[in-house]
Amino acid sequence: MKKRTISIIIFIMGLSFIALLLLQIRYIDEMVNMKHEQFDELVNRSLYVACHRLELNETLHALEQDVQNSQRSPLWTDEKEGLQEEGSTPFQRKTQKVPPGQASKGLILRKAQQQTYDDVLKRQQQFRNRYIYQKALLDEVIINILYSASNEPLQSRVNIAMLEQNVRTELHNNGIDIPFHVTITTQDNREIYRCSDYEEDGSEQTYSRVIFQNDPETNTGQIHIHFPTLNKYLFSSVSFMIPAVIFTFILLIVFVFTIIALFRQKKYNEMKNDFVSNMTHELKTPISSISLAAQMLSDGSMSKNEKMMQHLGGIINDETRRLRFLVDSVLQMSMFDRQNTVLKKKELDINEILETAANAFQLRVEHTEGKINLNIEAVDSVIYADEMHITNTINNIMDNAIKYRNAERPLHLMLRTWNEDRHVYISISDNGMGIKRENIKKIFDKFYRIHTGNRHDIKGFGLGLAYVRNVVTLHQGEVNVESEYGKGTTFTIKLPLAAQQ
């Protein structure tokens, strides 16, 4: 499948996953907002009914209190005593039995005294006027009663237990059964009541309602209701959607990792193909040389003197050693991949190993008209390590310095050791081609080789630096690289001292 086709499929699938996730989140948000609006309406309605009942109860209580006070007044007592002296109450007088003879005479008398139609209208108008007058008197009495009640302190007017119970009942009737906290304040924000389990945490949703809102503003108060578990209540209605969002998010993450793994595998396949092609080319050269030397030895028509025999033997020996090195490099990386590498550790002097490496590469560096500078500063240089792997690590870095040298100037290698933080540091610097910033993180990847432009004389499999990192890691060390393209590269290896292990 072409890379463009894969990219289009990935884009469509990724966009679909993201759109699905955003739609689910938006749906949850809209449902929560709708639930919140419904909740606000029900709470405000409950507060209105509870406060209305409070005012109604206060009015009834004030009227009852006024009636009781009136019954204890002197005027009411005198009238009651007068009725008792007559031997009957007003009601009893109205319901006294009349003798049969007198009833007949009364009936005749009422019929005789029947008024005209105009008199009836006149009496009705008088009754209506009296009703209006009496109603005005009654309204005045009620206003005076309520005015007297409204002048009392707010804490004495509010039956807190009844008000809280009314609020709880109304909330229950509206389907709200979650805990709430109550506070009551005056108009100037003086708190007169706070429930015992109230806790101020700054995250509560508060609803307020004016108490006695028809009274003068200075006599009113406010009830505040706090719901500490409101968010939990709101999200409980969409809790069934949360697993769907989580699973969609997990699928999106899995999809992303799958795509990353796919591209990484594709990259490794390309690197592996390059490795196979490169290895085939590398192996063909020594095999061809050995085959040609063997044919010359077996050719009876050619004269074979001692000098030619030595030359052909040397070719076979050198190319065989080269083949062995190539095979060993692949086998070493294979051992690291299987994680069954056994290190033969012993105490080594890293200064001596670096000096030996410098001597071994001296001729190759001088062949480029360059030089090697060795700066030994490490006082404590004994490490506990595998001699072969540590030596190969240093040799690989120095070999790369020679391979990737700048052909326009002599190669200069700087080898240095020093102690710091109970570790020994090895630094190998060169003035070669350098590494581009975007390639620095890739140079320790297996099979990776830096692009060298038009130069095709640099041999290798892209395994050297991967081998270096694995060896240093197995020795509980670190390897870092600093490079500036066109100026040179510095590799720094940090290894623990033998005393630390």
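Trainee: Which residues in α13 do I350, I353, L354, A357 and A358 in α11 meet?

Mentor: The model is a predicted one. In it, α11 covers residues 350-360 and α13 covers residues 387-403. The five named residues of α11 meet I390, T391, I394, N395 and M398.

Trainee: How many nonpolar residues does the contact of α11 with α13 have?

Mentor: The α11 side consists of I350, I353, L354, A357 and A358, and the α13 side includes T391 and N395. By class, this contact has no charged residues and two polar ones, and its number of nonpolar residues is eight.

Trainee: Is the crossing in which α11 passes α13 left-handed or right-handed?

Mentor: The two helices pack with their axes 10 Å apart. Where α11 passes α13, the crossing is right-handed.

Trainee: What is the angle at which α13 and α15 pack?

Mentor: Helix α13 also meets α15, through residues including H389, I390 and N400. The crossing of these two helices is left-handed. Their axes are 9 Å apart, and the angle is about 145°.

Trainee: How many polar residues are in the contact of α13 with α15?

Mentor: On the α15 side, the residues are G464, L465, Y467, V468, V471 and V472. On the α13 side they include N392, T393 and N396. In the whole contact none is charged and seven are nonpolar, while the number of polar residues is six.

Trainee: Which residues of helix α15 are buried?

Mentor: Helix α15 spans residues 464-474. A residue counts as buried when its relative accessible area is under 20%. In α15 the buried residues are L465, A466, Y467, V468, V471 and V472.

Trainee: Is D399 buried or exposed?

Mentor: D399 has its place in helix α13. Leaving aside residues up to four places away in sequence, D399 touches F361 and R364. Its relative accessibility is 17%, and the cut-off is under 20%, so D399 counts as buried.

Trainee: Why is the pair of F17 and F255 tilted?

Mentor: This is a pair of aromatic rings, and a search of the whole structure finds seven such pairs. The ring centres of F17 and F255 are 5.5 Å apart. Planes under 30 degrees apart count as stacked and those over 60 as edge-to-face. The pair is tilted because its planes stand at 40°.

Trainee: How many residues apart in sequence are the parts that the pair of F17 and F255 ties together?

Mentor: F17 lies in helix α1, residues 3-71, whereas F255 lies in helix α9, residues 242-298. F255 is buried, with a relative accessible area of 12%. The separation in sequence of the parts tied together by the pair is 238 residues.

Trainee: What is the angle between the planes of W418 and Y425?

Mentor: W418 and Y425 are both buried. They form an aromatic pair that is stacked, with 5.3 Å from centre to centre. The angle between the planes is 10°.

How values were computed
Residues numbered from 1 in each chain as written. Predicted model: local features only at pLDDT ≥ 70, side-chain atom pairs only at ≥ 80, totals over all residues. Heavy atoms only, no water. Axes fitted to C-alpha atoms, helices over the stretch in contact; angles between N-to-C directions. Helix = DSSP H or I, 4+ residues; strand = E, 2+ residues; numbered from the N terminus. Left-handed = near helix turned anticlockwise from the far one by under 90°. Contact = heavy atoms within 4.5 Å. Nonpolar A, V, L, I, M, F, W, Y, C, P; charged D, E, K, R; others polar. Phe/Tyr/Trp six-rings, centres within 6.5 Å; stacked < 30°, edge-to-face > 60°. Buried < 20%, exposed > 50% of the residue type's maximum accessible area, 1.4 Å probe, protein only.
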